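Subject: Structure for you to look at, with notes

Dear colleague,

I am passing on the structure we spoke about, and I would be glad if you could read the notes below with it open beside you.

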Amino acid sequence: MPDLLDVNKLDMAEDLEFEAPVPTQMISNGEFTPMPQSAKQKQVEERIKELADENSKRLGISRRKFLNSTAGMAAGFIAMNEVFGNGLFGVSAAEAQEVGAADERANKYKDQFVFDAQTHMVHDGFEQEGLLGLGYFAAENWNPALQQEELTLASYKFDNYMRQMFVNSDTKVAVLSGAPFDDPSWTFISNDAIIETRDMVNKLAGTQRMYGHHVITPGQDGWMDKVDEALDNGAKMDGWKAYTIGDPLSATTEHPYRLDDEELMYPFFEKALKHGKTKFACHKGLMPADYETSWADKWQYNTVWDVEKVAKDFPEMDFIIYHSGMRPFLEDPTEFLEEFERTGELMWASDLCRAVSDNGLTNVYAELGTTFANACVTHPRLAAALLGTLIKHMGADHVVWGTDSVFYGSPQWQIEALRRLEIPEDMQERHGFAPLGEADGLVKSAILGYNSARMFNINLRADYEPMLQDGVQKLKTDFALLDGIRDNTRYGYISPT
């Protein structure tokens, strides 16, 4: 395990006694140290408990069953509104109080097209127990559903991936991705296994439910030979994945690089274009508070300093910037909100916006994985500020949905959070943000799925309806008949209270 996180000083998220429908404290995926539960998050948790006690009795069900229901999910957002400010999440008291009210809303949106542009799993032989920190963090802070299950590495493997992504959420299509590590034993899943998994899922479905990345490792010995081999072998991958920081878990990584390095990277982009492989996802942002010291001269490679030039030089490539490039990660969001209210700046994410808007770039997209989840549970106004900023400067048609699941359990609560979130009126007026609108309105539908569908050439008129009757949908329908299949389990490290 890299030395960025002292797991001996942390607790495991699945050990939490309270199984909240929305996370009530921060959960670390192992790449950073989680903040302790804040006073406001504690208020949310206590209010959810009160609502669960009141409404489970009213509905004549156990508290646990209530918390795992759509009514319990509604109670979570009611509590968030009461603590962080009314109007942030669209939810009614009736959804938590009346039989069927929340189910009626869930059924209304269950067939909404949701394309998750960033998902992960590990191969069957993966043995690095340190990775469990991803789930422990998520369980404590983001996804209380994970608290119900004893967390093992099986939680990150294929069977649970299928259950959490396609059974326990409204996700319709997912991109399976990977990550590079200086220590090969940390490799989540090989490029070949990504494609094999994609093909297996699509064969089960009878439709295209999954796409797969090829992870590149610029600077490492023979990296371009592996690219050539992949391209010469029928170019089976659907897109590329890069980490300009090098190894994302090690501050001593030996292979950071810039996307606009003409000698190192431009031959790669030229080959990718020649083979029509134009979708390029890149991890950016998500650095710890002490990044300038802990990552020394390496941290700058995780900024968006190289996006403008490379996007200009390769206009036919689609650059999907994971996490929206946002730097703040685990600090108390109050300081960042205050800075945003004063200046309209979100560290590094605003830099990405300027690179796009100042240069009229149309081939750069901001992805929301982890950044949205973390902001939403630490302070939803920060999530609203992020969305408002990205949409204002990049356009709603250039923001794409991603969750970093299955490391954080089912992404359903994140989907619900976006469906319900609205930018507060005072923030709209002060910063010139447009409202996000209805759950199935143009803006949210574009972010949740339409933008990625366009990028991946999915014809929703022809391709989507068959998904609602395919093998994966049958799997979901069969599991829905089992009592208690939905859970609030989350995985990751949490900070002791």
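Predicted model: local features only at pLDDT ≥ 70, side-chain atom pairs only at ≥ 80, totals over all residues.

I begin with the helix pair. Helix α3, which covers residues 70–84, packs with helix α17, residues 412–420, at an angle of about 55°, and their axes are 11 Å apart. That angle makes α3 oblique to α17, and the crossing of the two helices is right-handed. On the α3 side the contact is made by Met73, Ala74 and Phe77, while α17 brings Gln412, Trp413, Glu416, Ala417 and Arg420.

Next comes the backbone. Most residues other than glycine have a negative phi, and most peptide bonds are trans, so the following places deserve a look. In the loop between β9 and α17 lies aspartate 404, whose phi is positive, near 65°, and which is buried because its relative accessible area of 7% falls under 20%. Valine 406 is likewise found in the loop between β9 (399–400) and α17, and a cis peptide bond, with omega about 25°, joins serine 405 to valine 406. Elsewhere, the loop between β6 (279–283) and α11 (291–294) holds leucine 286, a residue other than glycine with a positive phi, near 60°; at 7% relative accessibility, leucine 286 counts as buried.

Two individual residues remain. The side chain of arginine 209 reaches the backbone oxygen of methionine 467 at 2.8 Å. Leaving aside residues up to four places away in sequence, arginine 209 touches a set of residues that includes Phe166, Thr171, Lys172, Val201 and Asn202, as well as Met467, Asp470, Val472 and Gln473.

Lysine 65, by contrast, is partly exposed, its relative accessible area being 47%; lysine 65 belongs to helix α2, residues 63–67. The C-alpha atoms of lysine 65 and alanine 52 are separated by 9.6 Å, the two residues being 13 apart along the chain.

Technical notes: Residues numbered from 1 in each chain as written. Heavy atoms only, no water. Polar contact = N/O pair within 3.5 Å; in protein donor to acceptor, adjacent residues only side chain to side chain. Contact = heavy atoms within 4.5 Å. Axes fitted to C-alpha atoms, helices over the stretch in contact; angles between N-to-C directions. Helix = DSSP H or I, 4+ residues; strand = E, 2+ residues; numbered from the N terminus. Parallel < 35°, antiparallel > 145°, perpendicular 65-115°, else oblique. Left-handed = near helix turned anticlockwise from the far one by under 90°. Buried < 20%, exposed > 50% of the residue type's maximum accessible area, 1.4 Å probe, protein only.
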